[in-house]
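This report is for a reader new to the structure.

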Amino acid sequence: MANMGLETIKVDIEINLASRGLPGFEIVGLPDKAVAESKERVRTAMTTSGIEFPQKKITINMAPADVPKEGSMYDLPIALGILSSVLEFPIPQKSLFFGELSFDGSLRHTKGAFLMALFAKEFGFTNLFVPKDSANEAAAIKGIKVFPVEDLTQICNHLLKKEEILPVLYEQKKEKDFLPAEFDMKEVLGQEQAKRAMEIAAAGGHNIIMIGSPGSGKTMLARALPGILPPLNEGESLEVTKIYSASGDIPPGGSLLTRRQFRAPHHTASLVGLVGGGSKPHPGEISLAHRGVLFLDEFNEFPRSIMEAMRQPLEDGYLTISRSKQRVIYPADFMLVASANPCPCGYALHPKKNCTCSQNQIAKYQKRISGPILDRIDLHISVMPVDTEAFSDNQKNSEFLEASEKIRARVILARQKQEARFCDETICSNSQMKNSHVKKYCKLSKEVEQILAQASAKFNLSARSYMKMIKVSRTIADLDNSDEIAVSHMAEALQYSPKNYENA
């Protein structure tokens with residue numbers, strides 16, 4: 001098996017043991033350094049397992065020969081190809097072998113087991129032999145037998161019918177229903193409008209940007225967001241697990257990911273680290289945040305190239321990485337949560353502290369975030385600092401503040417309404433709606449259309465922002481358990497229009 005992004009290509013391991021010629025061990029078929037080094041791992045693992053390595057001219061062909069082979073997953077099939085000739089046992093039909101060998105003959109946890117299982121099911125393979133620590137990950141795919149292999153001796157005995165390896169039964173690892181957040185929403189004192197915006201964003205999967213002075217609570221709000229997110233549904237869980245399997249981020253014994261991931265890269269992250277790519281393309285932060293949250297703190301400080309690279313995934317939900325020799329597509333349907341200061345000193349919106357920046361400095365600082373990027377963000381909110389007196393009152397009455405668990409219950413109900421609404425579509429949340437979906441599922445009354453038209457003219461909304469206001473109002477209506485978008489729903493949605501940042 002060779003991975004090209006998230007696509008898997010079948011690789012056949014052909015073994016030739018020649019009696020004539022000097023003893024040697026060669027691997028052909030465009031192997032990378034890790035594959036070439038499997039010669040030493042296989043030789044040593046066989047020796048330490050008590051099996052004499054054949055003193056013959058051994059040639060390993062990895063077909064198709066024009067596809068680059070990467071990684072250590074080929075150790076087990078190479079070893080079994082040699083052992084089948086030495087110990088004279090047949091390789092079972094419709095079987096795949098996968099795993100990295102240690103010098104002592106044991107098999108290590110190897111990335112990509114979930115992708116291998118998907119490939120096996122798609123192409124009719126019934127048996128999959130993988131390292132024991134990777135077995136549960138592969139067993140999440142129904143319809144195939146996954147055999148957990150501890151070492152070379154065990155699998156040889158199994159193939160010689162001396163000792164049977166029983167297929168593993170899938171076990172979903174116990175997780176909390178929601179991602180443990182750093183903060184509970186009730187710990188965020190004040191900021192009721194910002195909390196409401198976070199609830200709307202979580203309910204509809206909308207992008208959101210928070211503009212405010214240092215210490216106003218922007219980062220705390222973002223860190224509390226995972227506590228109100230709904231769990232992944234079955235289809236989303238398969239998509240996310242596939243990405244994490246390809247990147248090697250599923251731990252030994254891991255299972256399907258059921259929680260929405262929260263990724264928060266620093267603004268010094270490289271373009272390749274955030275977007276993905278490299279000479280051997282791999283998923284970046286935006287793909288690892290698929291169906292979850294990508295939090296970009298200090299949004300203004302990110303390089304312009306990184307911001308502009310997010311245009312396509314924010315619009316399309318996937319990312320295309322093109323190289324001279326290959327082209328891969330990674331899913332990247334994430335919820336962007338950004339926070340930024342209104343000016344270099346940070347106090348342009350502060351009611352008490354004076355801003356020390358000139359108008360030119362403020363304008364230049366705000367222009368670091370381009371108009372096309374801001375136009376792709378659904379909710380724009382100003383986060384004002386909490387007054388110390390109100391802060392003291394909120395601390396005294398903190399037990400009456402709404403907890404994340406209660407907010408999350410409303411979010412889940414809203415998401416269930418959306419899943420029922422889009423059951424015959426390829427989307428599952430309001431933020432994913434295209435214009436055709438908006439026309440079909442977001443009928444507006446004359447009063448609502450009039451309010452939206454007036455706001456569009458006043459705030460000079462683009463066509464994209466116009467449609468986003470309808471999507472946001474649809475989410476607010478879902479939270480209100482309403483089938484129709486009312487005037488109040490649209491009026492609230494318009495509070496989060498892009499005008500807030502421009503007036504900062």
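## Nonpolar cores

The largest nonpolar core in this predicted model has 54 residues. Ile82, Leu128, Leu152 and Ile155 have the most contacts inside that core. Leaving aside neighbours within four places in sequence, Ile155 is in contact with Leu76, Leu80, Phe97, Phe129, Val149 and Ile165.

## Helix 4

Helix 4 covers residues 113–122 and is largely enclosed by the rest of the structure, because seven of its ten residues are buried. The buried residues are Ala113, Phe114, Leu115, Met116, Ala117, Phe119 and Ala120.

Helix 4 is followed by Gly124, which has a positive phi, near 80°.

## Thr110

Thr110 is found in the loop between strand 8 (107–108) and helix 4. Its relative accessibility is 4%. Buried means under 20%, so Thr110 counts as buried.

The side chain of Thr110 reaches two backbone atoms: the nitrogen of Glu100 at 3.1 Å and the oxygen of Arg108 at 2.9 Å. With neighbours within four places in sequence left aside, Thr110 is in contact with Ser72, Met73, Phe98, Gly99, Glu100, Pro131 and Ser134.

Conventions
Residues are numbered from 1 along each chain as its sequence is written. This is a predicted model: local features need pLDDT of at least 70, side-chain atom pairs count only at pLDDT 80 or more; totals for chains, interfaces and linings use all residues. Side-chain values use heavy atoms; hydrogens and water are left out. Buried means under 20% relative accessible area, exposed over 50%, partly exposed in between (1.4 Å probe, protein chains only). Helices (H or I, at least four residues) and strands (E, at least two) are DSSP runs, numbered from the N terminus. A nonpolar core is a set of buried Ala, Val, Leu, Ile, Met, Phe, Trp, Tyr and Cys residues joined through side-chain atoms within 4.5 Å. Contact means heavy atoms within 4.5 Å. A polar contact is a pair of N or O atoms within 3.5 Å; within protein, one must be able to donate a hydrogen and the other to accept it, and residues adjacent in sequence count only if both atoms are side-chain atoms.
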